[in-house]
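Subject: Structure for you to look at

Hello,

Here is the structure I said I would pass on. Please open it next to this message and follow along.

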Amino acid sequence: MRVRKRRSQRRASASPWTYALATWLAGVLAAVGLGAVAPVGSALRASLGLSDGALAWATSSITAVSAALGIPAGWWVRRFGAQRALSWGLSVMSVAAVGSAAAGSWGLLLGARIAEGVGYLLVFVAGPVVLTRIAQGGTRSAALALWGTCVPTGLAIAAVTGGALESVWTWNQWLALTALGPLIMAGVLTAVLPRLPRAAVPCAHREAGAWNGALRLGVAYGSLSLVGVAVVMVLPAFLLEQRQATPTVTGAVVAVVCLGSAVGGLAASWLLRRGTAFSALVPLGALMPIACLPAFSAEFPLAVSGGAATLVLVVDGLLISAVFAAVPASVSRAADVDVANGILNQLGSVGILLGPPVFGLVIAAAGWGTVAALVLVFGGLGAALLLTAARTSAAGSAADLSRPPAAPGGRERRNGAGPLAKAADVSKRQRMRP
């Protein structure tokens, strides 16, 4: 019993950033699973006799699960508990990755990838909820913005590591390797994260407009995700066909562009931690369509085009991270954060699925000059909705400051602030007892 108390005390006294970084690493490892098939796609297609369409389904099935089940997953995480859902999601991903490695047919591979998509969805709904409940104020905003870098960081790791191992390992060995990270991280989180009180489940009846803020942020996330994924997906074809770049040069440029999203997320985390308002970040969205003009023009040197495309992803990643950071203030109760993140994942995944075909169809019909116009439409929609949500959140925060503090035993505090501090207080009282 004393050992258990000492462990609780150590967890409560640790910095919130220790837990935030551990949770972030869980998201990165989950994103590695998302991008695991792409580096070994050629070998996988040859081994199982897959068509390009079948391979595409195996690659995108994880995102399809999120597009279909994001909101239901939010409700389930609310009842099951975010910490447990996070660990269970990682465990499911690990088992499913082993299934993918052992698959001998397209049907088995697709089934394993869909199961992995369920685990991935749990991780990406529960992760931001855990961050919301272990940190407060600027630290919470910065940690949630950092969470927005999980996907680009994980995809970059998968591309680099999988590509390096593709020539010396079989695709089965690579996919089996991707099962280790989530399994280890599930155990680490169980040991490291403090036990936080589970948010109360509210009544089914909600006031009108209760989900407006979360829905606005969800559409913003979907629009911005659509832009980022579409630009990355159509850029290789532009470089190969319009710029006559070699495959090696094209791969290097695309890799740098993808990392731009992670750089933008890190910049958002740093700015928000220093007290920058969400509304101050939104005007940077105007840079995206402007940067698309040289990025998709053959009149500029390749280095300029690559740098401009990278700028598009830097700003896109910054705004996506700002969306994640804005979620807690968009809901009225801490219990609603779970479902709000489900909304974000579902609408964001819809944007990821729609982006490449929408851009591809318009480019085929009207040429490469339309990329800037498409980015202006979808990026502008995402930025406008983020700005609206930021202003609404600021107004709500000002209203909260004008209210008297709730009496003990009253309704839970807005956005669930303070559970880690409560755990620390309990620990402190235990130490003071004789």
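Below is what was found, from the whole chain down to single residues.

The model is predicted, so the first thing to check is the confidence. The chain averages a pLDDT of 82, and 82% of the residues score at least 70. Two stretches to treat with care are residues 203–208 and residues 396–434. Over residues 203–208 the pLDDT is below 50, and beyond near neighbours in sequence this stretch has five contacts in the model. Over residues 396–434 the pLDDT is also below 50, with 38 contacts in the model beyond near neighbours in sequence. Where pLDDT is low, the predicted coordinates should not be read in detail.

The chain as a whole

There are 18 helices in the chain and zero strands. Of its 434 residues, 52% count as buried. Take the contacts between residues at least 6 apart in sequence: 85% of them join residues at least 24 apart.

Two pairs of helices

Two packed helices are described by the angle between their axes and the distance between the axes.

Start with helix H2 (residues 16–34) and helix H8 (residues 150–165). Their axes come within 7 Å and cross at roughly 50°. The crossing of H2 and H8 is right-handed. On the H2 side the contact is made by Trp 24, Gly 27, Val 28, Ala 31, Val 32 and Leu 34. H8 contributes Cys 150, Val 151, Thr 153, Gly 154, Leu 155, Ile 157 and Ala 158. Sorted by class, the contact of H2 with H8 has 10 nonpolar, three polar and no charged residues.

The other pair is helix H14 (residues 287–295) and helix H15 (residues 302–330). The axes of H14 and H15 come within 7 Å and cross at roughly 160°. That angle is over 145 degrees, so H14 is roughly antiparallel to H15. H14 passes H15 in a left-handed crossing. From H14 the contact takes in Leu 287, Met 288, Ala 291, Cys 292, Pro 294 and Ala 295. Among the H15 residues in the contact are Val 304, Ala 308, Val 312, Val 315 and Asp 316. By class, the contact of H14 with H15 has 13 nonpolar, one polar and one charged residues.

Leu 284 is found in the loop between helix H13 (278–281) and H14. Its relative accessible area is 33%, so Leu 284 is partly exposed. Leaving aside neighbours within four places in sequence, Leu 284 is in contact with Val 315 and Leu 318. Leu 284 and Asp 316 are 32 residues apart in sequence and 9.2 Å apart in space, C-alpha to C-alpha.

Leu 347 is found in helix H16 (residues 336–366). At 28% relative accessibility, Leu 347 also counts as partly exposed.

Where is Gln 244 found? Gln 244 sits in the loop between helix H11 (212–241) and helix H12 (247–273). With 58% relative accessibility, Gln 244 counts as exposed. Most residues other than glycine have a negative phi. Gln 244 has a positive phi of about 50° although it is not a glycine.

Regards

Terms used
Residues are numbered from 1 along each chain as its sequence is written. This is a predicted model: local features need pLDDT of at least 70, side-chain atom pairs count only at pLDDT 80 or more; totals for chains, interfaces and linings use all residues. Side-chain values use heavy atoms; hydrogens and water are left out. Helices (H or I, at least four residues) and strands (E, at least two) are DSSP runs, numbered from the N terminus. Buried means under 20% relative accessible area, exposed over 50%, partly exposed in between (1.4 Å probe, protein chains only). Axes are lines fitted to C-alpha atoms, for helices over the stretch in contact, and angles run from 0 to 180 degrees between N-to-C directions. Angles under 35 degrees count as roughly parallel, over 145 as roughly antiparallel, 65 to 115 as roughly perpendicular and the rest as oblique. A crossing is left-handed if the near helix is turned anticlockwise from the far one by less than a right angle, and right-handed if clockwise. Contact means heavy atoms within 4.5 Å. Ala, Val, Leu, Ile, Met, Phe, Trp, Tyr, Cys and Pro count as nonpolar, Asp, Glu, Lys and Arg as charged, and the others, Gly among them, as polar. pLDDT is the predictor's confidence in each residue, from 0 to 100.
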